[in-house]
Amino acid sequence: MPPQRRWPLTTPQNPRVHAYTSDHHRLPLPSGHRFPVSKYSLLRERVAAELPQVQLIPAPPASEGELALAHEPRWISAVLQGTTTDAEQREIGFPWSPAMAERSRRSVGATIAAARQALDDGVAANLAGGTHHAYAHKGAGFCVFNDVAVAARLMQAEWHRRHAGPLQVLVLDLDVHQGNGTASIFARDPSVFTVSLHGARNFPFRKEASDLDVELPDGCRDEPYLEALDATLVEVECRLAAQPPGLAFYLAGADPHEGDRLGRLKLSAEGLAERDRRVLEWLRLRRIPVALSMAGGYGHDIAITVALQATTIALAWQSWQAWGGDFRASDRPGAAAMEQSAP
Ligand SMILES: [Zn+2]
């Protein structure tokens, strides 16, 4: 288990990073179900107890109009009205219930709120989300709606109302499974650059083409993983040189960890923390605001998964502090030019 760490207390002069929750809306599952749904409330309780510098906020539900930015109307109404077929529920892996529909909307709402907050002050998080296997027309692999896809499209629309020019978005998906739903939704959309660093032999077995896919072999350990990450970030910088991102979504899955049931990689707790540090530092140095989602994590011992995710949140808080708390959209390269050309 990662060592317990103590972080400085918050004072009125030292306000708090925002993290949004949706676990109050409990996902009812049959007993013995393999999805570790308890991890969300355990993470919220752990963050509340150990990280007072994180402000926990229950998320509002995403509206049908917001969901329609990334999902087909038929899929939205099937989930919200309970008309999904047995086959569709099997592909998701959860039985439908009103609570399942409500929780799915709230999980998207949490990523929307985190993205909006990140555009204000640099860094914010969803203590769930990262439901990257959901396509426009269906759910899959424990994912009902695609939180990042909806939030990316909504932030672009909100940006248009306030600024001239487009909002380039970067999706950095470091969950161990490929972000196939996200890649599919943005396949023909150059304004959202999708990156997925994942296990080559893991689910989904039919992968989609992201803008940048990096495949890792089974058993990959810290050093080659972090080398692949560094090379990926260099490549992203090259590919987006002409249109620097104004917002990033970081899917900080805990499932590359060596203790994961489904991950097939062998990262240590320190390796995962170093991954988060490098990503958050890379984004901060480029003044790219970031909304984190927790994505996957299926430890043999779920307490270890929760500890890993709590460390990610602590590192997000550290990064947020380093942003300086005086973030303005015009601080960013690219954004300043856009604002100058606004009418
Ligand atoms: Zn995963």
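Two strands pair if DSSP finds at least two bridges between them. Helices (H or I, at least four residues) and strands (E, at least two) are themselves DSSP runs, numbered from the N terminus. By these criteria, strand β1 (residues 17-21) and strand β3 (residues 123-126) run parallel and are joined by three bridges. Within this pair, Y20 stands opposite N126 of β3.

The model discussed here is predicted: local features need pLDDT of at least 70, side-chain atom pairs count only at pLDDT 80 or more, and totals for chains, interfaces and linings use all residues. Residues are numbered from 1 along each chain as its sequence is written.

The pair β1 and β3 belongs to an open sheet of eight strands, ordered β2-β1-β3-β8-β7-β4-β5-β6, with parallel pairing. The edges are taken by β2 (54-58) and β6 (212-216); each has a single partner strand, so one side of each is left without a neighbour in the sheet. From one strand to the next, the twist averages 15°; axes are lines fitted to C-alpha atoms, for helices over the stretch in contact, and angles run from 0 to 180 degrees between N-to-C directions.

Helices pack on this sheet. Helix α5 (residues 98-121) touches β1, β3, β7 (247-251) and β8 (290-293), and its direction makes about 175° with that of β3. Helix α8 (residues 222-239) touches β4 (169-173), β5 (192-199) and β6, and its direction makes about 170° with that of β6. Two residues are in contact if their C-beta atoms, placed from the backbone, lie within 7 Å.

Strand β8 pairs with β3 in the parallel sense over four bridges, and V290 of β8 is the bridge partner of V123. Four bridges also join β8 to β7, again in parallel, with L251 opposite S293 of β8. Between β7 and β8 the chain passes through helix α9 (residues 269-285), and this β-α-β crossover is right-handed; that is, with the strands pointing away from the viewer, the path from the first strand over the helix to the second runs clockwise.

Which way do the residues of β8 point? V290 and L292 point one way, A291 and S293 point the other way, and all are buried. A residue is buried if 20 or more other C-beta atoms lie within 10 Å of its own, exposed if 12 or fewer, and partly exposed in between. Leaving aside neighbours within four places in sequence, V290 is in contact with A118, V123, A248, Y250, L280 and L283.

V290 also belongs to the largest nonpolar core, a set of 96 residues in which V150, A151, V171, F249, V290, I313 and A316 touch the most other members. Helix α10 (residues 302-323) gives the largest share of this core, 11 residues. Such a core consists of buried Ala, Val, Leu, Ile, Met, Phe, Trp, Tyr and Cys residues joined through C-beta atoms within 7 Å. Of the 22 residues of α10, 16 are buried. Just after α10, G324 takes a positive phi of about 105°.

R153 counts as buried because 21 C-beta neighbours lie inside 10 Å. Its contacts, apart from neighbours within four places in sequence, are L69 and A70. The C-alpha atoms of R153 and L69 are 6.2 Å apart, although 84 residues separate them in sequence.
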